[in-house]
Amino acid sequence: MTANATPLPVVLAGARGHGRWHVENIRRLQDRGLVRLAGVCELTPLSEEELAGLGSPEQSADFGALLDSTGARIAVICTPIPTHTDLALTAARRGVHLLLEKPPAPGYAEYRRMADGVAEAGVACQIGFQSLGSHAVPAIRELVAEGAVGRLVGIGGAGVWVRDEAYFRRAPWAGRRRLNGVDVVDGALTNPLAHAVATALALGGSTRAEDVTGIETELLRANAIESDDTSCVRIGTAQGHPVTVAATLCAERADEPYVLVHGDRGRITFWYKQDRVLLQRAGHGPEETEYGRTDLLENLVAHLTTGADLLVTPEDTGAFMQVVEAIRQAPDPVPLPDGAWRRIPAENRRVVPGVDGLVAAAADTLSLYSELGAPWARPAAHRPKEVSAR
């Protein structure tokens, strides 16, 4: 996009909570002349202070009407998970291009309805897995293809985060598997640490729905919620290597999430929030590299103005959505016994002692919690589910 080109008008749906990150990002791109915040769709309008430096965008709780009145070229959707498909299709029918937050839908059928509708409308759609904008992703895939770590054995993912009890009360849908009869499928692996799953799949070249051949899940919870806060999943792939991701929101100590690529002659660790990569291989000293990152909204603008390839299309999230579907269909998460967790009153949160080490061990050995001897994990909590691209 040239400096004197007209900034593309953007409507943001969902400007609070995580949406505040999008407000700041739109402000950054508006300052560069790439976009213009034309409208904000929120139940309660943003204040002048919240909109500082962004002009006076039109505000309305009616998304469709706002798209019509502003002439939006792009809609950024950062609303509750169950609303994603309908809002995306509302924009697509008007020819408005999309940045849709992850997870794109609460289940495979809704994802397919969204992806098919977007394709039929002929609009561009970027799914908001920001980690897949990291320049480390193609670099790691190239290292694997070159045989830098030998034959690919499998990929692990690990996320140890802490969330207080208020986190699960921040919105009516938080910590829910369903709400008012509608699927939500919030949970450690499908929402806060979804990037670990999507990134692990991407590094192994298993991004499309047909790349997934089977899924095992172990879903547990220490908090008084419906969804999982301590969970692991092992994904069989058409490429022949397993992808195992373990996560908890009840860590003893929060740490940077990472993905671990296992070869038979080395391994690659990718701290995806930091764009930092550690290559360890036979016959070489450790090599650490920090990479840049392409912002996904900026990439969408470049796609519309210069024809740049989109980084995260709906089809590129098909494998991730197979995992979401397996978690949706799995039995409800098992409540951990009282002796398996403790509460830290000063931090208003629940901790599962020893879970930090178990998460790391799962990523390191490609094992499930039950296979690692976790006393609170039931063996084969969910038998391998054979999946097919529907």
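Leaving aside its neighbours within four places in sequence, with which residues is Glu 298 in contact?

A: The model is predicted: local features need pLDDT of at least 70, side-chain atom pairs count only at pLDDT 80 or more, and totals for chains, interfaces and linings use all residues. Numbering runs from 1 along each chain as its sequence is written, and side-chain values use heavy atoms, leaving out hydrogens and water.

Once its neighbours within four places in sequence are set aside, Glu 298 is in contact (heavy atoms within 4.5 Å) with Arg 28, Leu 29, Arg 32 and Leu 34. Glu 298 itself belongs to helix α7, which spans residues 296–306; helices are DSSP runs of H or I of at least four residues, and strands are E runs of at least two, numbered from the N terminus. Its relative accessibility is 22%, so Glu 298 counts as partly exposed (buried is under 20%, exposed over 50%, partly exposed in between, with a 1.4 Å probe and protein chains only). Leu 220 stands 78 residues from Glu 298 along the chain, and a distance of 37 Å separates the C-alpha atoms of these two residues.

Apart from its neighbours within four places in sequence, His 84 is in contact with Ile 77, Thr 79, Leu 100, Glu 101, Lys 102, Pro 103, Pro 104 and Ala 105. Two residues in that list, Lys 102 and Pro 103, are joined by a cis peptide bond, with omega near -15°. Pro 103 is placed in the loop that runs between β5 (97–100) and α4 (108–121).

In α6, 10 of the 10 residues are buried, so the helix is largely enclosed by the rest of the structure. Among these buried residues are His 195, Ala 196, Thr 199, Ala 200, Ala 202 and Leu 203. The axis of α6 (residues 194–203) and that of α8 (residues 318–329) come within 9 Å, and the two cross at roughly 130°; axes are lines fitted to C-alpha atoms, for helices over the stretch in contact, with angles from 0 to 180 degrees between N-to-C directions. On the side of α6, the residues that take part in this meeting are Ala 194, Val 197, Ala 198 and Leu 201, while α8 contributes Ala 319, Phe 320 and Val 323. Just after α6 comes Gly 205, whose phi is positive, at about 70°.

Val 185 has a positive phi, near 55°, and is found in the loop between β9 (182–183) and α6. With a relative accessible area of 3%, Val 185 is buried. Asp 275, likewise not a glycine, takes a positive phi of about 55°. This residue lies in the loop between β14 (266–271) and β15 (276–281), and at 9% relative accessibility Asp 275 counts as buried.
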